[in-house]
Amino acid sequence: MTAIKLVAVSGGLGHPSRAAALAQAITMEIAVSTTIEAYTISVADLVADLAGVVSAKDAPPSVSEAVKQIESADALVVTTPVYRGSYTGLFKHLFDLVHHEALIGTPVLLAATGGSDRHSLVIDHQLRPLFAFFQSLTLPVGVYANDSDFTNYEVSSDALKERIRLAVTRGIEHLKH
């Protein structure tokens, strides 16, 4: 079986990051079910370069490489912390630089982290519309995690681990080519 190029994008702005830990846990669960070539993009690593970029053609090499990885992915896992009811601004800014036709039909597993369960609607009310714009195939089950699902920035909750398994199980056929 040919490996699928899976790009995990974490919208967390710091290190360590619950969003990055969630992206890693989801990626590892996908690797159990299919052969992947995994790449990780952390917005936290791009903060200094990304903030001043006005267009993709003027982006510094680190941002250009991130955009190229996203645009050439066979599948994406996207995670973001929830700030004020939405994804982080720099997460959105990174996707503003992605060509509007680059992700047509690309499977995307949506995930988010937040301080409480009341932020869980970000998946359906913020992330799904963003990737609908790109005409991506958002997978049927998203993964939301609150702060209590982590210990030392590692997924520790059995309930979260089960949600990750469910999301991957329900979406895996869309990830395989």
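Predicted model: local features only at pLDDT ≥ 70, side-chain atom pairs only at ≥ 80, totals over all residues.
User: Why is the pair of Phe-95 and Phe-131 called edge-to-face?

Analyst: Rings of Phe, Tyr and Trp (its six-membered ring) pair if their centres lie within 6.5 Å; planes under 30 degrees apart count as stacked, over 60 as edge-to-face and the rest as tilted. The ring centres of Phe-95 and Phe-131 are 5.1 Å apart and the planes stand at 80°, so the pair is edge-to-face.

User: What makes the pair of Tyr-87 and Phe-91 tilted?

Analyst: The angle between the planes of Tyr-87 and Phe-91 is 45°, which falls in neither the stacked nor the edge-to-face range and is therefore tilted. The centre-to-centre distance is 5.8 Å. The structure holds six aromatic pairs, and ring pairs link Tyr-87, Phe-91, Phe-95, Phe-131, Phe-133 and Phe-134 into a cluster.

User: Which parts does the pair of Phe-95 and Phe-131 tie together?

Analyst: Phe-95 lies in helix α4 (residues 89–96) and Phe-131 in helix α5 (residues 122–133), so the pair ties together parts that are 36 residues apart in sequence. Helices (H or I, at least four residues) and strands (E, at least two) are DSSP runs, numbered from the N terminus.

User: How do you know whether Phe-95 and Phe-131 are buried or exposed?

Analyst: Buried means under 20% relative accessible area, exposed over 50%, and partly exposed in between (1.4 Å probe, protein chains only). Phe-95 has 1% and is therefore buried. Phe-131 has 0%, so Phe-131 is buried too. Tyr-87 and Phe-91 are both buried.

User: What makes Thr-35 partly exposed?

Analyst: The relative accessibility of Thr-35 is 37%, so Thr-35 counts as partly exposed. Thr-35 lies in the loop between α1 and β2 (36–42).

User: How do you know that the charged end of Lys-5 sits over the ring of Tyr-39?

Analyst: A charge sits over a ring if NZ of Lys or CZ of Arg is within 6 Å of the ring centre and within 35 degrees of the ring normal. The charged end of Lys-5 is 5.1 Å from the centre of the Tyr-39 ring and sits over that ring.

User: Why is α1 called oblique to α6?

Analyst: Axes are lines fitted to C-alpha atoms, for helices over the stretch in contact, and angles run from 0 to 180 degrees between N-to-C directions. Angles under 35 degrees count as roughly parallel, over 145 as roughly antiparallel, 65 to 115 as roughly perpendicular and the rest as oblique. Helix α1 (residues 18–33) and helix α6 (residues 158–175) pack at about 55°, with axes 9 Å apart. That makes α1 oblique to α6.

User: Why is α2 oblique to α3?

Analyst: The axes of α2 and helix α3 (residues 61–71) cross at roughly 130° and come within 9 Å. That makes α2 oblique to α3.

User: Which residues does Val-168 touch, and what counts as contact?

Analyst: Contact means heavy atoms within 4.5 Å. Leaving out residues up to four places away in sequence, Val-168 touches Ile-26, Glu-29, Ile-30, Ser-33 and Leu-109. Val-168 is in helix α6 and, at 2% relative accessible area, is buried.

Note on methods: Residues numbered from 1 in each chain as written. Heavy atoms only, no water.
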